[in-house]
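User: I want to learn how to read a model like this one. Please take me through its features step by step.

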Amino acid sequence: MAIGRRVAVRKQRANEVLVRLKRRYPDATCTLNYQTPVQLLVATILSAQCTDARVNQVTPALFAQFPDVVALAAADLEELENLVKSTGFYRNKARHIQGACRKMLSEFGGKVPQEMSQLLTLPGVARKTANVVLAHAYGINAGVTVDTHVKRVSRRLGLTEHSDPVRIERDLIELLPQPDWENWSIRLIYHGRETCIARSPRCGECFLGDLCPSQAGSVALSGKNGG
Ligand code: SF4
């Protein structure tokens, strides 16, 4: 199929998927608990390789003790580590949180920057974290968040052939309207958890089945497109 035609077909499919996702998950939103952009940044850093539910168990005590950028920047590192320990990789996460807060204080007036390029200079912040923070703290759709669910389901839906999150994001940006970039990710994560599960997708009960080129081969999926 010619490249232009292939993109057009994918775009049509992506937009139909989007319509159905919105219908299925009308109230989907970020499931991390936070009060301020700084707290969202911290919670998002903690959510790497960890569930949002686990992060939400940790952040009440963390934010009670260190509620803002000043307190987090000045925190005793060991104390910080202990508070975030159950989210895994806690030494790195504590260091990143403190480093990011110190840099926000020294270079960005103590605020979470609103520019992607500035956000990416903060320790522990890659595009995925930056996209989440920009979208939910500031309503800026700067990109498409690609986590393990978005990667797997977008591949199964035939919207990208890539494995690298940056290239997947590039493909999805081309297919989706900008105002929907972040809500695409949120809803696809719901769908990935509920139906398009990594090891055994429930294709038989999937509301996207008629659109999905992977539907028939669910047994082979985990090997071919899992992730
Ligand atoms: S049909 Fe199967 S592989 Fe396709 S999106 Fe639904 S659950 Fe995933």
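Predicted model: local features only at pLDDT ≥ 70, side-chain atom pairs only at ≥ 80, totals over all residues.

User: Which record feature includes Cys196?

Analyst: Start with the annotation, then check the geometry. An unreviewed UniProt entry places a "binding site" at Cys196, Cys203, Cys206 and Cys212. These four are spread over 17 residues of sequence, yet they cluster in space, with a largest C-alpha distance of 10.9 Å.

User: How many residues surround the ligand, and which are the closest?

Analyst: Read a shell by its count, then by its closest members. Here 16 residues surround the ligand. The closest are Cys196, Pro201, Cys203, Cys206 and Cys212. Two elements give two or more residues to this shell: H9 and helix H12 (218-224).

User: How does the shell around the ligand divide by residue class?

Analyst: Nine of its residues are nonpolar, five are polar and two are charged. Cys counts as nonpolar in this division.

User: H9 came up. At what angle does H9 pack with H11?

Analyst: For a helix pair, take the angle and the axis separation together. Helix H9 (residues 148-156) packs with helix H11 (residues 181-194) at about 80°, and their axes are 8 Å apart. Angles of 65 to 115 degrees count as roughly perpendicular, so H9 is roughly perpendicular to H11.

User: Which residues make that contact between H9 and H11?

Analyst: H9 supplies His149, Val150, Arg152, Val153 and Ser154. From H11 come Ser185, Leu188, Ile189, His191, Gly192 and Arg193. By class, the contact has four nonpolar, five polar and two charged residues.

User: Now the domains. What does the domain assignment give?

Analyst: A domain can be built from separate stretches of the chain, so read the ranges with care. Domain 1 takes 3-28 + 144-224, and domain 2 takes 37-138. Their C-alpha centres lie 28 Å apart.

User: How many residues of each domain are in contact?

Analyst: Eight residues of domain 1 touch five of domain 2. On the domain 1 side, helix H10 (residues 165-175) gives the most, with three residues. That side divides into four nonpolar, one polar and three charged residues.

User: Where does UniProt place the "HhH-GPD" domain?

Analyst: The unreviewed entry places "HhH-GPD" at residues 46-194. The span is 65% helix and 0% strand. Its end C-alpha atoms lie 23 Å apart.

Definitions and conventions: Residues numbered from 1 in each chain as written. Contact = placed C-beta atoms within 7 Å. Helix = DSSP H or I, 4+ residues; strand = E, 2+ residues; numbered from the N terminus. Axes fitted to C-alpha atoms, helices over the stretch in contact; angles between N-to-C directions. Parallel < 35°, antiparallel > 145°, perpendicular 65-115°, else oblique. Near = placed C-beta within 6 Å. UniProt positions renumbered as here; feature names shortened; annotations may be inferred.
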